[in-house]
Amino acid sequence: MTDALTDDSLHALKGRDGELFNLVYRSYASQVLGYLTARGVEDPEATMQDVFLAVLPRIDSISGGANGLRTFLFSVAHARMVDDHRRQSRTPAKQPFEPERDRRESSSAEAAAMLRVAPGEVLALLEVLGEDQKEVLTLRIIADLTVEQVAEIMGKSAGAVKQLQRRALDRLREHSAVKDYVAP
């Protein structure tokens, strides 16, 4: 049997839905896909699958032979195309996100505090701390390293680094110069 769909092949495959559907699909899938693509359907392959799924249950009840089947197939494709265009017209246009064009900014608390504190004041505040605490804070905040990375650099455990950081921040919070910036 050839892939051409004729009235004779339709009649010969009557009652053998799987084989008949296979022949219909091989005969018309590329044409339906081309039609849907040319008509601007957003996802032509998925829509083509919907068309064939709609045709499959009715394939035995279609009258008019091969021409009737073709007409029915393309009328379903046309209806799906119209549905897709209606859905597209109701859906807002999708624009890709372009980070370089996004001008919105929100500064972090750290950035806001750094704008309010002069570099000299920061250095003076760090002088209040012990050497290990100062090292931990500069590596964590200025170098933006993780606790594990700081621990490796300093030759200490991650727990010791966390403890040094906590104690350093507590000591800074208690310092009178910091209390001016941190209002309750």
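How many salt bridges does a search of the whole structure find? The search finds 8. I'll come back to them. One caution before that: this is a predicted model.

Let's start with the nonpolar cores. In general, nonpolar side chains in soluble globular proteins tend to be buried together. Here, the largest nonpolar core holds 24 residues. Four of them have the most contacts inside it: Val24, Tyr28, Val32 and Phe52. Which helices supply at least two residues each? Helix H2, residues 17-38, does. So do helix H3, at 44-55, and helix H4, at 65-90.

Look at phenylalanine 52. Leave out residues up to four places away in sequence. Phe52 then touches Phe21, Val24, Tyr25, Tyr28, Ala29, Val32 and Leu73.

There is another core, lying apart from the largest one.

Now back to the charged pairs. As a general point, side chains of opposite charge can pair when their charged atoms come close.

Pair one. Arginine 101 forms a salt bridge with glutamate 98. Their closest N and O atoms are 3.4 Å apart. Arginine 101 counts as exposed because its relative accessible area is 61%, and the cut-off for exposed is over 50%. Glutamate 98 is partly exposed, at 32%.

Pair two. Lysine 134 bridges to glutamate 127, with the closest N and O atoms 3.4 Å apart. Is lysine 134 buried or exposed? Lysine 134 is buried, because its relative accessible area is 15% and buried means under 20%.

Arginine 166 forms a salt bridge with aspartate 170. Here the closest N and O atoms are 3.1 Å apart. Where do the two residues lie? Both are in helix H9, residues 158-174. They sit 4 residues apart, about one turn of the helix. Arginine 166 is partly exposed, with a relative accessible area of 40%. Aspartate 170 is partly exposed too, at 30%.

Last item: a network. Which residues do salt bridges with shared partners join? They join Glu42, Asp84 and Arg87 into one network.

To recap. The whole structure has 8 salt bridges.

Conventions: Residues are numbered from 1 along each chain as its sequence is written. This is a predicted model: local features need pLDDT of at least 70, side-chain atom pairs count only at pLDDT 80 or more; totals for chains, interfaces and linings use all residues. Side-chain values use heavy atoms; hydrogens and water are left out. A nonpolar core is a set of buried Ala, Val, Leu, Ile, Met, Phe, Trp, Tyr and Cys residues joined through side-chain atoms within 4.5 Å. Buried means under 20% relative accessible area, exposed over 50%, partly exposed in between (1.4 Å probe, protein chains only). Contact means heavy atoms within 4.5 Å. A salt bridge is a side-chain nitrogen of Lys or Arg within 4 Å of a carboxyl oxygen of Asp or Glu.
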